[in-house]
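Please open the structure in your viewer and keep the selection tool at hand. We will go from stop to stop, with something to select at each one.

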Amino acid sequence: MTDNPERNNAEEQPKEDKPSTLMEKIQQLGQTNVPQMTQDSKIHCLTIVGQIEGHLQLPPQNKTTKYEHLIPQIVAIEQNPKIEGVLVILNTVGGDVEAGLAISEMLASLSKPTVSLVLGGGHSIGVPIAVSCDYSFIAETATMTIHPIRLTGLVIGVPQTFEYLDKMQERVVNFVTKHSQISEEEFKDLMFAKGNLTRDIGTNVIGIDAVKSGLIDGVGGVGEAMTKLNELIDLHKEKNEGLVQ
Amino acid sequence: MIMYTMMPEELIFPIQQDTYEKQQIIQYNGIPLLVEKNELHQYEVIRILSTDPNHYLHAPIQPGTKLNVNESLFS
């Protein structure tokens with residue numbers, strides 16, 4: 001565009017006083033227009049991306065999901081009568097165990113129907129978040145890494161540290177086995193498997209394998225997840241109506 | 001130089017405080033947004049922190065747009 005300044009100027013001259021919104025949009029968004037939805041959505045969408053940030057704030061170049069953002073949102077979803085269901089979209093590498101478990105517990109205790117969808121990856125502490133929903137989906141190409149929990153940073157080298165870590169892991173295992181079809185034995189087998197990950201123990205389950213092991217309920221994408229969520233919302237409504245009578 | 005360590009990177013190379021201060025969360029017409037201040041004192045939208053899918057379709061707050069907001073909006 002710069003090698004033809006004359007033509008360029010001529011084109012842009014009339015728009016100078018009022019900057020071209022179209023050009024601006026392309027520059028800023030990489031697209032010209034945003035699609036519009038007609039009515040208020042009764043389904044809200046919670047996206048869990050990047051790292052799950054714990055008590056330590058990560059530098060801004062990291063893409064993180066902060067639990068202090070998600071928890072009030074989940075509370076708002078629970079309280080708002082207009083919201084009938086939640087779709088949780090996961091593409092996370094994992095992160096803080098306590099923050100991840102906090103989000104999982106919030107989702108599991110939500111009275112409204114919830115459906116989770118793992119796209120790309122739902123690793124590490126993403127596993128309990130994925131299974132915490134009423135129904136879980138995984139994309140065919142998505143993966144989930146199941147591995148033992150570990151600490152980073154400075155650790156006090158005493159036996160109690162190991163015991164604490166062991167208990168923390170037990171909490172994750174209990175949560176996952178309680179909220180999915182997988183047995184404790186099988187989950188621990190996957191967690192401590194050798195030879196699957198480079199220089200690490202654990203397993204990387206891909207799409208259909210996660211379903212076969214009972215961890216996830218089905219393989220699918222956003223279409224399947226929405227259909228299931230609408231189904232669950234209808235069931236939930238029927239149940240509530242029954243209670244009134 | 002290659003450094004082999006089990007310590008987290010942030011511990012060895014501390015992040016400067018002002019990098020944290022560049023990004024802020026504001027409420028724009030009730031929609032929580034993560035914004036970053038640029039040199040022209042404009043705020044560029046980085047991320048929308050809402051669960052309502054409709055908020056993501058609002059053209060004026062699409063990630064990448066620059067907002068001219070006054071400081072009173074900051075919570």
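**Before you start.** This is a predicted model, in which local features need pLDDT of at least 70 and side-chain atom pairs count only at pLDDT 80 or more, while totals for chains, interfaces and linings use all residues. Residues are numbered from 1 along each chain as its sequence is written, and chains are lettered from A and ligands numbered from 1 in the order in which they are written.

**Stop 1: chain A as a whole.** Select chain A and colour it by secondary structure: there are 9 helices and 8 strands. Helices (H or I, at least four residues) and strands (E, at least two) are DSSP runs, numbered from the N terminus. Of the 245 residues in chain A, 33% are buried. A residue is buried if 20 or more other C-beta atoms, placed from the backbone, lie within 10 Å of its own, exposed if 12 or fewer, and partly exposed in between.

**Stop 2: Ile52(A).** Pick Ile52(A), in strand S1 (residues 43–53) of chain A. Is Ile52(A) buried or exposed? Ile52(A) has 27 other C-beta atoms within 10 Å, so it is buried. Leaving out residues up to four places away in sequence, Ile52(A) touches several residues, including Thr65(A), Asp96(A) and Ile125(A). Two residues are in contact if their C-beta atoms, placed from the backbone, lie within 7 Å.

**Stop 3: the largest core.** Now select Leu87(A), Val88(A), Leu90(A), Leu117(A) and Val118(A), which have the most contacts inside the largest nonpolar core, a set of 45 residues. Helix H4 (residues 97–108) of chain A contributes the most to this core, with 6 residues. A nonpolar core is a set of buried Ala, Val, Leu, Ile, Met, Phe, Trp, Tyr and Cys residues joined through C-beta atoms within 7 Å. Zoom in on Val88(A): beyond its neighbours within four places in sequence, its contacts include Leu46(A), Leu107(A) and Cys133(A).

**Stop 4: a strand with two faces.** Show strand S7 (residues 203–206) of chain A, where Thr203(A) and Val205(A) form the covered face and Asn204(A) and Ile206(A) the uncovered one. In a regular strand the side chains alternate between the two faces of the sheet. S7(A) runs antiparallel to strand S6 (residues 143–146) of chain A, joined by 4 bridges. Two strands pair if DSSP finds at least two bridges between them.

**Stop 5: the sheet in chain B.** Switch to chain B, where 4 strands make an open antiparallel sheet in the order S1-S2-S3-S4. Strand S1 (23–28) and strand S4 (66–67) of chain B each have a single partner strand, so one side of each lacks a neighbour in the sheet. S1(B) and S2(B) form a hairpin with 2 residues between them, and Asn29(B) in the turn has a positive phi of about 50 degrees.

**Stop 6: where the chains touch.** Finally, show both chains: the contact takes 19 residues from chain B and 19 residues from chain A. Which element gives the largest share of chain B's side? That is H2(B), with 3 residues.
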